[in-house]
Amino acid sequence: MIEKTRDYVTVLRQQATQLNELADTLEKDLGCAARPTKPASAPKVSPVELVPVAQAMFSLRRRREKILPPKFLGEPMWDLLLHLFERTANDHPVSITKASYAAHVPPTTALRAISVMENEGYLVRTKPCANSRNVQLKLTDNAMDAMCSYLQSSDPPRLYTEALVRRIG
């Protein structure tokens with residue numbers, strides 16, 4: 001319970017920072033005298049804290065598939081990134097088969113996207129054992145940093161709050 005409360009407090013502080021930034025922008029746009037404040041830097045958020053945001057985005061993508069025609073929604077690489085972000089943040093590498101299943105694409109499509117991400121330095125293939133034929137995927141540190149930056153900066157507060165409430169509720 002204490003950990004859940006800490007998570008909630010962290011989210012509230014982040015939202016307060018966003019509201020202060022919005023108020024400062026409005027003051028500037030309206031020509032009001034801004035009150036002197038020290039610049040607030042966004043707190044560093046760990047990948048694990050951003051997992052609910054990635055899960056909420058992934059869930060929204062699945063919901064829209066139920067409403068819109070599939071040909072309107074083709075972004076398998078983004079689905080793979082969201083899924084791999086969640087798994088890597090929780091230190092659970094994922095197999096190619098499970099990654100393709102999570103992205104709702106055929107294995108050949110997933111393999112093409114995986115090759116592109118690997119060539120760009122966004123993911124690595126690992127083997128749990130030296131003689132294992134099973135290949136596991138996980139995002140690189142640079143990819144995790146990029147995803148954290150995106151999820152933290154593009155997260156609408158409502159989406160984050162809903163994800164957090166589902167997580168701690």
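This is a predicted model: local features need pLDDT of at least 70, side-chain atom pairs count only at pLDDT 80 or more; totals for chains, interfaces and linings use all residues.

Student: Where does K138 sit, and which residues does K138 touch?

Tutor: K138 is found in strand β3, which covers residues 136-139. Leaving aside residues up to four places away in sequence, K138 touches T88, D91, Y122, L123 and V124. Sequence distance and distance in space are separate things to read: K138 and L123 are 15 residues apart in sequence, while their C-alpha atoms are 5.6 Å apart.

Student: T88 is listed among the buried residues of α3, so how buried is that helix as a whole, and why?

Tutor: Helix α3 is largely enclosed by the rest of the structure, because ten of its 14 residues are buried; among them are W78, L80, F85 and T88. After α3 comes D91, a residue whose phi is positive, near 60 degrees.

Student: What span should the 14 residues of helix α3 have?

Tutor: At 1.5 Å a residue, helix α3, residues 76-89, should span 20 Å, and its end C-alpha atoms are 20 Å apart, so the two values agree.

Student: How many salt bridges does the structure hold?

Tutor: The structure holds one salt bridge, formed by R125 with E118, whose closest N and O atoms are 2.9 Å apart. R125 is partly exposed, with a relative accessible area of 32%, and E118 is also partly exposed, at 31%.

Conventions: Residues are numbered from 1 along each chain as its sequence is written. Side-chain values use heavy atoms; hydrogens and water are left out. Helices (H or I, at least four residues) and strands (E, at least two) are DSSP runs, numbered from the N terminus. Contact means heavy atoms within 4.5 Å. The expected span of a helix is 1.5 Å times one less than its number of residues. Buried means under 20% relative accessible area, exposed over 50%, partly exposed in between (1.4 Å probe, protein chains only). A salt bridge is a side-chain nitrogen of Lys or Arg within 4 Å of a carboxyl oxygen of Asp or Glu.
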